[in-house]
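I opened my notebook today to look around one protein chain, a few spots at a time.

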Amino acid sequence: MKKSTFFVLSLLLVASLPGFAAINYTITFSGTGASTTVESVIVQNLTKGTTVTVPAGNVLNLNDAPNAVEQMNANDETIRVYTNSVEGKSTVSFFAKQAGSTQINAFNIDGRKIAGITANLQAGMNSFQLSLPKGSFVIQVTGNGYTYSSKMINQSASLSKTEIVYVGAEKQASFKPQKSKSSALGTTTMTYNTGDRLLYTGISGIYSTVVTDVPIAGKTINFDFVACTDVDGNNYKVVKIGTQTWMAENLKTTKYNDGTAIPYVTDNTAWYNLSTPAYCWYNNDSTTYKNTYGVLYNWYAVNTAKLAPTGWHVPTDVEWTTLKNYVIANLDISHSVSKALAATTNWTYSTSYDAIGNNLTRNNSSGFSALPGGYRGGTGNGAFHEGGNSCTWWSSPQHVTDYAWPRGLSYSYYDVYRFEGYSSYQGFSMRCVRD
């Protein structure tokens, strides 16, 4: 399978004690599988609780200097960005050193490409209009023999759709860049100490893959990009843990994988008395909970065996056990298996040292990124419970017909709990595993 090395992450650990030599690691990123191109990488220092985004081609400098700050060389001699706060639009102008195909991409602060265009340009000054939402962005230009990038802040949302449109070109003579100026991309800096655990999210179009690592030497971090898309068009992050590849976020499809709609039930009494498939959002609020926590499904929806995206399936109890055992045996679990699986945000605080809710920066060494999406159900009603405190996932029926062993995590607990049940009034989340 072809591997395409994409860009270099340069790690410089400056010694903080006398007598220690500076360490200099170089880590390269590559993509395999569904894509060989890495468009950006979100880097989280799980130990310190900090995050930076590395755009395509940028260099990330890791050092132990307490005053390290992110830097970006806007390079005014080769790229310029002008914003219009009234219309919510911006113009990016840059000098194309040679004629040929050029890519212009806009990345948000999470590292996701939100707009892009490829155009065949003439040598000289070229301009494009950007219609972007409100926020901070990195604009990247890659052409024949040149690469530029610049930061921009859009203070008001565009009134039109998000897009990049070619405006036109000026004559080459009208713009002469100073050759003494460097057109190299800037440096993204993150404070780092030996032993810190990093979580990388590699992004390539619709694909997102999570990798965790504790850098101790130069190496290549490869993102195995895997298609994980449901029939609603939702694309999911994935993470490889041992021999398994899991979704790194909860399922949120409202349709079966054959395109049939799953009934949406909001009323508590109706939910409790169901004997047919249904789904809901926590607190019936898709705006707040959909993208973060996904869907809550009842047992009848799970038992159709039609929830998982193509190439994926509802995990069996054995597969959940395999995941747990691998985490315990192979990963730096930071004192408990539950903390290794739980995300570093959104969990309720706990005073128990080994629990998920105690010092969230010690969580998620596996990259599984579990969030406390709560559940629906309970004795005598179909109400919502435990949002922020717990999450529970269905497994497929295995040990007894129509029964499953759901798995879950709690903010105050140190293990992965398992219980027997399938009750129609229970609404749980879903994580799928690759076939």
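My entries below go through aromatic rings, charges over rings, a pocket, a helix and some single residues.

**Entry 1: what I am looking at**

I note first that this is a predicted model.

**Entry 2: aromatic pairs**

How many aromatic pairs does the count come to? I got 22 aromatic pairs. I then picked out Phe29 and Phe223, which form a stacked pair, with 5.5 Å from centre to centre and 5° between the planes. I counted this pair as stacked because the angle is under 30 degrees.

Tyr264 lies in the loop between strand S19 (244–247) and helix H1 (268–272), while Tyr279 lies in strand S20 (residues 279–280). These two partners are 15 residues apart.

**Entry 3: a cluster, and charges over rings**

Which residues form one aromatic cluster? I wrote down Trp299, Tyr375, Trp394, Tyr417, Phe419 and Phe428.

The charged end of Lys306 is placed over the ring of Tyr256, 4.9 Å from the ring centre. In another case, the charged end of Arg431 sits over the ring of Phe368, 4.3 Å from its centre.

**Entry 4: the second largest pocket**

I looked up the second largest pocket and noted a volume of about 220 Å³. Which elements give two or more residues to its lining? They are strand S16 (207–213) and strand S18 (237–241). The largest share comes from S16, with four residues. Among the lining residues I marked Arg197, Asp213, Lys240, Tyr326 and Ser366. By class, I listed six nonpolar, three polar and three charged residues in the lining.

**Entry 5: helix H4**

I checked the length of helix H4 (residues 317–330), which has 14 residues. At 1.5 Å a residue, H4 should span 20 Å, and its end C-alpha atoms are 20 Å apart, so the two agree. Which residues of H4 are buried? My list is Asp317, Glu319, Trp320, Leu323, Lys324 and Val327. A reminder to myself: an α-helix has 3.6 residues a turn, so residues three or four places apart point the same way.

**Entry 6: two asparagines with positive phi**

Asn284 has a positive phi of about 55°, although it is not a glycine. I found Asn284 in the loop between S20 and helix H2 (286–293). At 29% relative accessibility, Asn284 counts as partly exposed.

Asn346 has a positive phi too, of about 80°, and is not a glycine either. Its place is in the loop between helix H5 (337–341) and strand S23 (375–376). Asn346 counts as partly exposed, at 40% relative accessibility.

**Entry 7: residues apart in sequence, and their distance in space**

Ser149 is in strand S12 (residues 146–154), and at 5% relative accessibility it counts as buried. Ser149 and Arg80 are 69 residues apart in sequence, and their C-alpha atoms are 9.5 Å apart in space.

I then went to Gly373, in the loop between H5 and S23. Gly373 counts as buried, at 5% relative accessibility. From Gly373 to Ser429 there are 56 residues along the chain, and 7.5 Å between the C-alpha atoms.

My last stop was Thr201, in strand S15 (residues 198–204). Thr201 counts as buried, at 4% relative accessibility. How far is Thr201 from Thr53? The two are 148 residues apart along the chain, with 9.4 Å separating their C-alpha atoms.

Terms used: Residues are numbered from 1 along each chain as its sequence is written. This is a predicted model: local features need pLDDT of at least 70, side-chain atom pairs count only at pLDDT 80 or more; totals for chains, interfaces and linings use all residues. Side-chain values use heavy atoms; hydrogens and water are left out. Rings of Phe, Tyr and Trp (its six-membered ring) pair if their centres lie within 6.5 Å; planes under 30 degrees apart count as stacked, over 60 as edge-to-face and the rest as tilted. A charge sits over a ring if NZ of Lys or CZ of Arg is within 6 Å of the ring centre and within 35 degrees of the ring normal. On a 1 Å grid over the protein atoms alone, a cavity is a set of points where a 1.4 Å probe fits but cannot get out, and a pocket is an open set with protein on both sides within 12 Å along at least five of seven lines; lining residues have an atom within 4 Å of a point. Grid points are joined across faces, edges and corners, and a volume is the space filled by probe spheres set on the points. Ala, Val, Leu, Ile, Met, Phe, Trp, Tyr, Cys and Pro count as nonpolar, Asp, Glu, Lys and Arg as charged, and the others, Gly among them, as polar. The expected span of a helix is 1.5 Å times one less than its number of residues. Buried means under 20% relative accessible area, exposed over 50%, partly exposed in between (1.4 Å probe, protein chains only).
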